[in-house]
Amino acid sequence: FTIKKEGSFDTTKREREELFMKKMRKSASNVNNAVNLISGAYTLPLIDKLFSNSQRIENMDDVYFAITALVDTDRISEAFHMIRGLFGISGMEYPQEIAQLEKSEELQESFVSEFIFDFYDVIEDKRIETEEQEIPV
């Protein structure tokens, strides 16, 4: 450790803090990407299983809006547990990757948000599919 002119130590400390924050942002980005991948891998199969019998899109909307309402009122844990319940209702095994996210409120919130986005995409895809089937050729 060498002593430099006054102010140099502060600059070095600031640089270390900036480097640390950059690493933290990159780590957070990697975690968010992983959560996104987990949601993407399991949301579609779950929704397909739950609504496989050509059920009406309105039924999917009801579940979507219930989970979204929980999130909008900061009831993330309840929304997360509701998703877990959907796996049980569908007869699908609850994925270990999702179970691991229960350890952190931040990860639960990230997963539930990704699940909602993915669920919305599935509903929109089904809506387009249904409309295409109704159009006479």
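These legends describe an overview and several close-up views of a predicted model of one protein chain. Local features need pLDDT of at least 70 and side-chain atom pairs count only at pLDDT 80 or more, while totals for chains, interfaces and linings use all residues. Residues are numbered from 1 along each chain as its sequence is written, and side-chain values use heavy atoms, with hydrogens and water left out.

**Figure 1. The protein chain has five helices and zero strands.** From the N terminus on, the elements run α-α-α-α-α. Helices (H or I, at least four residues) and strands (E, at least two) are DSSP runs, numbered from the N terminus. Of the 137 residues, 28% are buried. Buried means under 20% relative accessible area, exposed over 50%, and partly exposed in between (1.4 Å probe, protein chains only). The accessible surface is about 9,800 Å², and carbon and sulfur atoms hold 53% of that surface. These areas come from the Shrake-Rupley method with a 1.4 Å probe; for residues, only the protein chains shown count as cover. Among contacts with a separation of 6 or more, 70% link residues 24 or more positions apart. Contact means heavy atoms within 4.5 Å.

**Figure 2. Helix 2 packs against helix 5.** Helix 2 covers residues 57-72 and helix 5 covers residues 105-134; their axes are 10 Å apart at an angle of about 160°. The two helices are therefore roughly antiparallel. Angles under 35 degrees count as roughly parallel, over 145 as roughly antiparallel, 65 to 115 as roughly perpendicular and the rest as oblique. Axes are lines fitted to C-alpha atoms, for helices over the stretch in contact, and angles run from 0 to 180 degrees between N-to-C directions. Helix 2 contributes residues including Met60, Tyr64 and Ile67, and helix 5 contributes residues including Phe119, Ile123 and Arg127. By class, the contact has 13 nonpolar, two polar and three charged residues. Ala, Val, Leu, Ile, Met, Phe, Trp, Tyr, Cys and Pro count as nonpolar, Asp, Glu, Lys and Arg as charged, and the others, Gly among them, as polar.

**Figure 3. Asp61 lies in helix 2 and Lys126 in helix 5.** Asp61 is buried, at 16% relative accessibility. Leaving aside neighbours within four places in sequence, Asp61 is in contact with Ile123 and Arg127. Lys126 is partly exposed, at 23% relative accessibility. Not counting residues up to four places away in sequence, Lys126 touches Asp48, Ile57 and Met60. Lys126 and Met60 are 66 residues apart in sequence, and their C-alpha atoms are 9.7 Å apart in space.

**Figure 4. Helix 3 crosses helix 5 at roughly 60°.** The axes of the two helices come within 9 Å. Helix 3 is thus oblique to helix 5. On helix 3, Ile76, Ser77, Ala79, Phe80, Ile83 and Leu86 take part, meeting Gln108, Glu109, Phe111, Val112 and Phe115 of helix 5. The residues of this contact divide into eight nonpolar, two polar and one charged.

**Figure 5. Thr43 is a buried residue of helix 1.** Helix 1 covers residues 8-50. The relative accessibility of Thr43 is 1%. Beyond neighbours within four places in sequence, Thr43 is in contact with Phe115, Asp118 and Phe119.

**Figure 6. Asp74 sits in the loop between helix 2 and helix 3 (76-90).** Asp74 has a positive phi of about 60° although it is not a glycine. With a relative accessible area of 67%, Asp74 is exposed.
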